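Please keep the viewer open as you read along.

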Amino acid sequence: QVQLVESGGGLVQAGGSLNLSCAASGSIFRINDMGWYRQAPGNQRELVATITRGGSTNYADSVKGRFTISRDNAKRTVYLRMNSLKSEDTAVYYCNAEIAMGVLKANNYWGQGTQVTVSS
């Protein structure tokens, strides 16, 4: 099976920075797109940033210029560097990856989530 394990969440003051990481493990043939999503209380889960296997990135407008997504294909890991954090960034952050266990169909996987709390 496949597992995504996130780390790096926590409590930070507004204006501060945090780094999140998410490592994939298991019977993996190939990892396609990877990304980060977040969900605040009472809100739907929303896209934060995605990155293709080749390194092309996409960001939500709300985090452009403050967050940076990157990945290390050899380590099967995706990262999220979050700068200039705001109270509205407070949420549970989830890692997402499209992973193929063989040469055919890829499936979508989610991590367990990591809490990010920004105090104002």
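The count of salt bridges comes to four, a salt bridge being a side-chain nitrogen of Lys or Arg within 4 Å of a carboxyl oxygen of Asp or Glu. This is a predicted model, in which local features need pLDDT of at least 70 and side-chain atom pairs count only at pLDDT 80 or more, while totals for chains, interfaces and linings use all residues. Residues are numbered from 1 along each chain as its sequence is written, and side-chain values use heavy atoms, with hydrogens and water left out.

Let us begin with Asp 89 and Arg 66, whose side chains meet in a salt bridge at 2.8 Å, N to O. Asp 89 lies in the loop between strand 8 (77-82) and strand 9, and Arg 66 in the loop between strand 6 (57-59) and strand 7, so the pair ties together parts that are 23 residues apart in sequence. Strands here are DSSP runs of E with at least two residues, and helices are runs of H or I with at least four, numbered from the N terminus. Asp 89 has a relative accessible area of 0% and is therefore buried; Arg 66, at 11%, counts as buried too. The terms are simple: buried means under 20% relative accessible area, exposed over 50%, and partly exposed in between, with a 1.4 Å probe and protein chains only.

Another salt bridge joins the side chains of Glu 46 and Arg 38 (2.7 Å, N to O). Here Arg 38 is buried at 7% relative accessibility, whereas Glu 46 is partly exposed at 36%. Arg 38, Glu 46, Arg 66 and Asp 89 are linked in a network of salt bridges. Asp 61 also has a partner, Lys 64, with the closest N and O atoms 3.1 Å apart. Asp 61 is exposed at 64%, and Lys 64 is partly exposed at 49%.

Arginine turns up again beside the aromatic rings. The charged end of Arg 45 sits over the ring of Tyr 94, 3.7 Å from its centre, and also over the ring of Trp 110, 4.6 Å from the centre of that ring. For this, NZ of Lys or CZ of Arg must be within 6 Å of the ring centre and within 35 degrees of the ring normal.

What does a search of the whole structure find in the way of aromatic pairs? There is one: the rings of Tyr 37 and Trp 110 have centres 5.1 Å apart and planes at 70 degrees, so the pair is edge-to-face. Rings of Phe, Tyr and Trp (its six-membered ring) pair if their centres lie within 6.5 Å, and planes under 30 degrees apart count as stacked, over 60 as edge-to-face and the rest as tilted.

The search for disulfides, pairs of cysteine sulfur atoms within 2.5 Å, also finds one. Cys 22 and Cys 95 form it, with their sulfur atoms 2.1 Å apart. It links distant parts of the chain, with Cys 22 in strand 3 (residues 18-26) and Cys 95 in strand 9 (residues 91-100), 73 residues apart. Both Cys 22 and Cys 95 are buried.

Four strands form an open antiparallel sheet in the order 1-3-8-7, where two strands pair if DSSP finds at least two bridges between them. Strand 1 (2-7) and strand 7 (67-72) stand at the edges, each with a single partner strand, so one side of each is left without a neighbour in the sheet. Six bridges join strand 1 to strand 3, and Val 5 stands opposite Ala 23 in strand 3.
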